Amino acid sequence: MSVESILDHAKVRCKAQGGQFTHKRQIVLAGLLASGKAVSAYELADYCKNELGENIPVMSVYRILEFLQSMHLAHKLSLVNKFAACSHILDDDEHQHHASTMFLICNQCQTIKEVPLTRDIFHGLQKSINQAGFQFKNKQLEFDCICDACAARLSSDA
Ligand SMILES: [Zn+2]
Ligand SMILES: [Zn+2]
């Protein structure tokens with residue numbers, strides 16, 4: 001799927017939700033999509049400058065990322081304090097179909113995978129959390145992982 005068609009779709013979604021998909025917002029999302037992994041706002045600002053020829057101050061990148069999150073086009077990964085494009089931009093309902101999403105983050109190459117959690121598993125988790133006297137504050141679950149490619153690379157290095 002080309003970045004262009006994803007951007008087109010994002011534009012339609014922003015319009016439907018009353019948000020403006022300005023040029024700078026498009027650039028930041030294009031940068032996120034092109035990087036294909038979790039990146040910090042600083043890395044993203046550098047990418048936009050070096051690869052896309054657009055100088056966007058880091059503070060603006062943060063504000064734009066907040067907008068993209070509100071449109072469900074990007075996710076913040078609190079575990080690593082980085083951001084990633086949603087991998088389901090073309091499927092508007094994807095996040096609504098599932099109780100929760102697991103974000104698997106490779107701690108070597110920062111590749112992200114969004115994996116839906118079934119309602120059964122989610123409710124089981126919720127029960128354990130509630131029994132412990134806590135409540136879910138954020139239904140986004142993030143896991144510190146290593147991807148198969150990095151695991152294979154590391155074991156062959158050793
Ligand atoms: Zn997503
Ligand atoms: Zn990896």
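I will start with the overall layout, then take the core, the domains and a few single residues.

First, the conventions. This is a predicted model, in which local features need pLDDT of at least 70 and side-chain atom pairs count only at pLDDT 80 or more, while totals for chains, interfaces and linings use all residues. Residues are numbered from 1 along each chain as its sequence is written, and chains are lettered from A and ligands numbered from 1 in the order in which they are written.

On confidence: pLDDT is the predictor's confidence in each residue, on a scale from 0 to 100. The protein chain has a mean pLDDT of 92, with 99% of its residues at 70 or more. Confidence is lowest in helix H5, residues 94–97, where the mean is 74, and highest in helix H4, residues 58–70, at 97.

Now the layout. There are 7 helices and 5 strands in the protein chain. In sequence order, the pattern is α-α-α-α-β-β-α-β-β-α-β-α. The C-alpha trace spans about 50 × 50 × 30 Å along its principal axes.

A residue is buried if 20 or more other C-beta atoms lie within 10 Å of its own, exposed if 12 or fewer, and partly exposed in between, with C-beta atoms placed from the backbone. Two residues are in contact if their C-beta atoms, placed from the backbone in the same way, lie within 7 Å. Of the 158 residues in the protein chain, 25% are buried. Taking contacts between residues at least 6 apart in sequence, 57% join residues at least 24 apart.

Next, the core. A nonpolar core here is a set of buried Ala, Val, Leu, Ile, Met, Phe, Trp, Tyr and Cys residues joined through C-beta atoms within 7 Å. The largest one has 32 residues, and those touching the most other members are Val 28, Leu 29, Leu 32, Leu 44 and Ala 74. At least two residues of this core come from each of helix H1 (3–16), helix H2 (23–35), helix H3 (41–52), H4, strand S2 (82–85) and strand S3 (100–106). H2 gives the largest share, 6 residues.

The centres of the two domains, taken over C-alpha atoms, are 22 Å apart. Their contact takes 11 residues from domain 1 and 9 residues from domain 2. On the domain 1 side, strand S1 (74–77) and S2 each supply at least two residues. That side has 5 nonpolar, 4 polar and 2 charged residues. For those classes, Ala, Val, Leu, Ile, Met, Phe, Trp, Tyr, Cys and Pro count as nonpolar, Asp, Glu, Lys and Arg as charged, and the others, Gly among them, as polar.

Leu 65 sits in helix H4 and is buried, with 21 other C-beta atoms within 10 Å. Leaving aside neighbours within four places in sequence, Leu 65 is in contact with Val 28, Ala 41, Ala 74 and Phe 83.

Now helix H6, residues 119–131. How many of the 13 residues of H6 are buried? The number is 0, so H6 lies largely in the open. H6 reaches 18 Å from its first C-alpha to its last, close to the 18 Å expected at 1.5 Å a residue; the expected span is 1.5 Å times one less than the number of residues. Just after H6, Gly 133 takes a positive phi of about 85 degrees.

His 72, in the loop between H4 and S1, has a positive phi of about 60 degrees. With 17 C-beta neighbours inside 10 Å, His 72 counts as partly exposed. Gln 110, in the loop between S3 and strand S4 (112–117), has a positive phi of about 65 degrees. Gln 110 is buried, with 20 other C-beta atoms within 10 Å.

Key
Helix = DSSP H or I, 4+ residues; strand = E, 2+ residues; numbered from the N terminus. Domains from an automatic or database assignment.
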